[in-house]
Amino acid sequence: MKHVLIGLLKAYRFLISPLYGQVCRYHPSCSAYALEAVERHGALRGSWLAVRRLGRCHPWTAGGYDPVPERTPTPSSRGFAG
């Protein structure tokens, strides 16, 4: 699923995004943010982060720099036995 989403996002960035020009209020753009979020966090969490970002993108927002959050390690990946 992750690879399908990445393919769709890359197709959007190649085919549709150039038609709009530089209209995004945020840096990185929403499509770049979504692509990085899915690559870094996987299909489910990355999609959720992208939807939240799109919800914040409206005419009344100031915009600005809004990076994809870092992956937070889970207790099992930190070496805890539980």
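Author: **Salt bridges and their setting**

Contacts here mean heavy atoms within 4.5 Å. Among contacts in the protein chain with a separation of 6 or more, 70% join residues 24 or more positions apart.

The model is predicted: local features need pLDDT of at least 70, side-chain atom pairs count only at pLDDT 80 or more, and totals for chains, interfaces and linings use all residues. Residues are numbered from 1 along each chain as its sequence is written, and side-chain values use heavy atoms, without hydrogens or water.

The protein chain has 4 helices and 2 strands. Both are DSSP runs numbered from the N terminus: H or I over at least four residues for helices, E over at least two for strands. Along the sequence the order is α-α-β-α-α-β. Of the 82 residues, 27% are buried. Buried means under 20% relative accessible area, exposed means over 50%, and partly exposed lies in between (1.4 Å probe, protein chains only).

Now the charged pairs. Side chains of opposite charge can pair when their charged atoms come close. The rule for a salt bridge is a side-chain nitrogen of Lys or Arg within 4 Å of a carboxyl oxygen of Asp or Glu. The count comes to 4.

Take Arg-40 and Glu-70. Their side chains meet at 3.5 Å, N to O. This pair links distant parts of the chain, 30 residues apart: Arg-40 sits in helix α3, Glu-70 in the segment after β2 (64–65). Arg-40 has 25% relative accessibility, so it counts as partly exposed. Glu-70 counts as exposed because its value is 58%.

Next, Arg-53 and Asp-66. This salt bridge spans 3.6 Å, N to O. Arg-53 belongs to helix α4 (residues 43–56) and Asp-66 to the segment after β2, so the pair ties together parts 13 residues apart in sequence. Both residues are buried.

Asp-66 also pairs with Arg-56. The closest N and O atoms are 2.5 Å apart. Arg-56 is in helix α4 and Asp-66 in the segment after β2, so this pair ties together parts 10 residues apart in sequence. Asp-66 counts as buried because its relative accessibility is 16%. Arg-56, at 28%, is partly exposed. Elsewhere, salt bridges that share partners join Glu-36, Arg-40 and Glu-70 into one network.

A polar atom of the His-41 side chain lies 2.8 Å from the backbone oxygen of Pro-69.

Leu-35 touches Ile-6, Leu-9, Lys-10 and Arg-13, leaving out residues up to four places away in sequence.

Technical notes:
Polar contact = N/O pair within 3.5 Å; in protein donor to acceptor, adjacent residues only side chain to side chain.
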